[in-house]
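Here is a short briefing on one chain.

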Amino acid sequence: MGMDSRIEIKVTNPKKVDNVVHPVGQGHATSASSPPQPSASSPPTDGRGRQQQQALEEGLRHSRGRGRQGRGLIDYMPFKNWVPWLIPGFVIANVVVFLISMFINNCPKNSSSCVGRFLGRFSFQPMKENPLLGPSADTLEKMGALDVIKVVHKHQAWRLISCIWLHAGVFHILANMLSLLFIGIRLEQEFGFVRIGLLYLFAGFGGSLMSALFIQAGISVGASGALFGLLGSMLSELITNWTIYANKLAALLTLIFIVVINLAVGLLPHVDNFAHIGGFISGFLLGFVFLIRPQFGYISKKHIPTGYIVTSNKPKHKPYQYILWLVSMILLVLGFTFGLILLFRGVNLNDQCSWCHYMSCVPTKLWSCKSQQAYCESIEYQNQLNLTCISNGKSSIYNLSGESTSQVQQLCTKLCSR
């Protein structure tokens, strides 16, 4: 879907009422049986006019080459090619926030088994606690991770947005930012920073909302909901602008394959697939709202060079595009509204749906989908014996100075079996 130049030429097989482009000459008309030729009054051939004229003549030659020598039928669509800056800005913002979270985390202050201690306060939590090479759950919670208890009971709804700027570790942020660059830059080039920026934020919000309605234990962070929103918008953009694409079926099947593979990865444990699904659905509906394109015939009337006449009277959009826009807008407003109402009432949708938890994790012999993960680690630090208990993504530190080894083991077993 990317564009390599400022002007994009689309050649299709129009119907009889589609654009017929005639170069206007002085004192004569172009017959239907002869190919149009520019006359003395043709548009100037310098600058943009020359580029447009060459594009039109190219389209006419292509049309004649396909057996339509008597018609010069083309569709001409000069979509603007935007310079992407917002998506790279989002990537930089995510990296900066991650560095800030690592600075605040300051692992050496709380643990003697940090990974990469040479990094100082930027070193990572122990691999047992965070295998993604990142900060502790407590730090992420302080930074604005999605914690349903705080969203519902302390009215911290801002966490539904702040969590999409946080990442659990180096591997997490690396995967998400590479995907964001790969997908987001192409979309911003085609549709501009305003539409793609709004789509990213709303899709991220939709992913967080669905995650909060189904996963209410522990915390959740990451931009994957917003990323799946961009994927969903690509699919709806292909559908709503169906007539302007060549190789439609191949593009559709390829995109569906990519989406299915990514959603399948979310069935693994410790992956918040509800955020993926919520972001994808939100982005899919938002694509019908933000990424709608005008018809070629409408655009051609505005951008045809001087001296050419386009015999087309098409409306700006097709009827089905208006229908999809309206239905999607209604579904988005209703979905976000009822979702927030259910969330602030403390509703857990897993109680209403006995099988929905399988959409986020499918248990097998190789792994378990139990959300409660706990371990205890006793550390002697600064001449004090501390017991760190990690349970449900949260860590607690207990000072055990003066306690015997057996008492420490008993306390560890008791705390981590809760």
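Serine 236 sits in helix α9, which spans residues 224-240. The model is a predicted one. Serine 236 has a relative accessible area of 0%, so it counts as buried. Leaving aside residues up to four places away in sequence, serine 236 touches Gly283, Phe284, Gly287 and Phe288.

**Whole chain**
- The chain holds 14 helices and seven strands.
- Buried residues make up 47% of its 418 residues.
- Take the contacts between residues at least 6 apart in sequence: 70% of them join residues at least 24 apart.

**Annotated transmembrane regions**
- An unreviewed UniProt entry places the feature "transmembrane region" at residues 82-104, 164-185, 197-215, 221-242, 249-268, 274-292 and 322-344.
- One of these annotated spans is 221-242. In the model, this span is 77% helix and 0% strand. Its end C-alpha atoms lie 35 Å apart.
- Another annotated span is 249-268. Here the model gives 85% helix and 0% strand. The end C-alpha atoms of residues 249-268 are 30 Å apart.

**Helix packing: α2 with α8**
- Two packed helices are described by the angle between their axes and the distance between the axes.
- Helix α2 covers residues 86-105, and helix α8 covers residues 193-214.
- The axes of α2 and α8 come within 10 Å and cross at roughly 40 degrees. Angles under 35 degrees would count as roughly parallel, so α2 is oblique to α8.
- Helix α2 brings Leu86, Ile87, Phe90 and Asn94 to the contact. Helix α8 brings Phe193, Ile196, Gly197 and Tyr200.
- Which residue classes make up the contact of α2 with α8? Six of the residues are nonpolar, two are polar and none is charged.

**Helix packing: α7 with α8**
- Helix α7 runs over residues 170-191 and also packs against α8.
- The axes of α7 and α8 are 7 Å apart, at an angle of about 140 degrees. Roughly antiparallel requires an angle over 145 degrees, so α7 is oblique to α8.
- On the α7 side, the contact residues are Leu180, Leu187, Glu188 and Phe191. On the α8 side, they are Phe193, Arg195, Ile196 and Tyr200.
- The contact of α7 with α8 has six nonpolar residues, no polar ones and two charged ones.

- Asparagine 106 is placed in the loop between α2 and α3, the latter being residues 107-110.
- With a relative accessible area of 15%, asparagine 106 is buried, because the cut-off for buried is under 20%.
- Leucine 133 is not a glycine, yet it has a positive phi of about 65 degrees.
- The loop between α3 and α4 (137-143) holds leucine 133.
- Leucine 133 has a relative accessible area of 16%, so it too counts as buried.

Conventions
Residues are numbered from 1 along each chain as its sequence is written. This is a predicted model: local features need pLDDT of at least 70, side-chain atom pairs count only at pLDDT 80 or more; totals for chains, interfaces and linings use all residues. Side-chain values use heavy atoms; hydrogens and water are left out. Helices (H or I, at least four residues) and strands (E, at least two) are DSSP runs, numbered from the N terminus. Buried means under 20% relative accessible area, exposed over 50%, partly exposed in between (1.4 Å probe, protein chains only). Contact means heavy atoms within 4.5 Å. Axes are lines fitted to C-alpha atoms, for helices over the stretch in contact, and angles run from 0 to 180 degrees between N-to-C directions. Angles under 35 degrees count as roughly parallel, over 145 as roughly antiparallel, 65 to 115 as roughly perpendicular and the rest as oblique. Ala, Val, Leu, Ile, Met, Phe, Trp, Tyr, Cys and Pro count as nonpolar, Asp, Glu, Lys and Arg as charged, and the others, Gly among them, as polar. UniProt positions are given in the numbering used here, feature names are shortened, and annotations may be inferred rather than shown by experiment.
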